[in-house]
Amino acid sequence: MVIADYFPIWDKLTPQQQKTLSDAAFPRHIPAGTVVHRGDLDCVGLLLIRSGQLRCYILSDEGREITIYRLFERDICLFSASCMMESIQFELHIEAEKDTEVFVLPPEMYRGLMEQSAPIANYTRELMSARFSEVMWLMEQIMWKSFDKRLASFLLEESALDGDCLKITHEKIANHLGTAREVVTRMLRYFQNEGFVRLTRGTIEILDRKGLSALSDA
């Protein structure tokens, strides 16, 4: 995978702009569990995901987490370079959920290209708009959708990534969904009683995908 693969507007850039992007990018390995970006405390640069999985989340004043979105192969993480966007006041944290390989683009270099190139500036704004749309969708889910439906949706999304036997703790699910571990545990026990899942230590096995799907869509 090369830098051009991440930019559908590549052919609209000048040869010098293409060279600047390609020359400035450097590879980085991020081990699973690493917090690569902590709100506004650092500015690591744009992350272009080559493989693996990143989780972007926010923290409440009490330290409770809620996952905003995830990033996968071929995605671009803009908010790890929030220092180049002065109007953004968004304290996002970014963690590697799996061992992840990325290209890093220095923020000052990219900001300079945005000032030079309308295609890059427009494409970056499109990416930002798409991410904020995901945030707004999540807020709507939290405000209007009951927790049993949100949990059912989350389990189905996880199974699409990792199969029907999920090795995930109740604490981790709580962090994703912005609630307390005890709330997750109670709802998972209800799901088990209903025959949707089977719970063992550190594992949730999905038994009835159709039942979970019907619940999440209800």
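The exercises below, each with a worked solution, go through a predicted model of a single chain.

Residues are numbered from 1 along the chain as its sequence is written. Local features need pLDDT of at least 70, side-chain atom pairs count only at pLDDT 80 or more, and totals for chains, interfaces and linings use all residues, while side-chain values use heavy atoms, with hydrogens and water left out.

**Exercise 1. The chain as a whole**

Find how many helices and strands the chain has, and what share of its residues is buried.

Solution. Begin with the DSSP runs, in which a helix (H or I) needs at least four residues and a strand (E) at least two, numbered from the N terminus. Counted in this way, the chain has seven helices and 11 strands. Next apply the burial cut-offs, by which buried means under 20% relative accessible area, exposed over 50%, and partly exposed in between, with a 1.4 Å probe and protein chains only. Of the 218 residues in the chain, 46% are buried.

**Exercise 2. An aromatic pair**

Classify the ring pair of Phe 7 and Trp 10 as stacked, tilted or edge-to-face.

Solution. Rings of Phe, Tyr and Trp (its six-membered ring) pair if their centres lie within 6.5 Å; planes under 30 degrees apart count as stacked, over 60 as edge-to-face and the rest as tilted. By this rule the count comes to seven aromatic pairs. In the pair of Phe 7 and Trp 10 the ring centres are 6.5 Å apart and the planes stand at 35°, so the pair is tilted.

**Exercise 3. Charges over rings**

Identify which arginine lies over the ring of Tyr 57, and which one over the ring of Tyr 69.

Solution. The test asks for NZ of Lys or CZ of Arg within 6 Å of the ring centre and within 35 degrees of the ring normal. Over the face of Tyr 57 lies Arg 55, at 4.2 Å from the ring centre. For Tyr 69, the charged end over the ring belongs to Arg 131, 4.7 Å from the centre.
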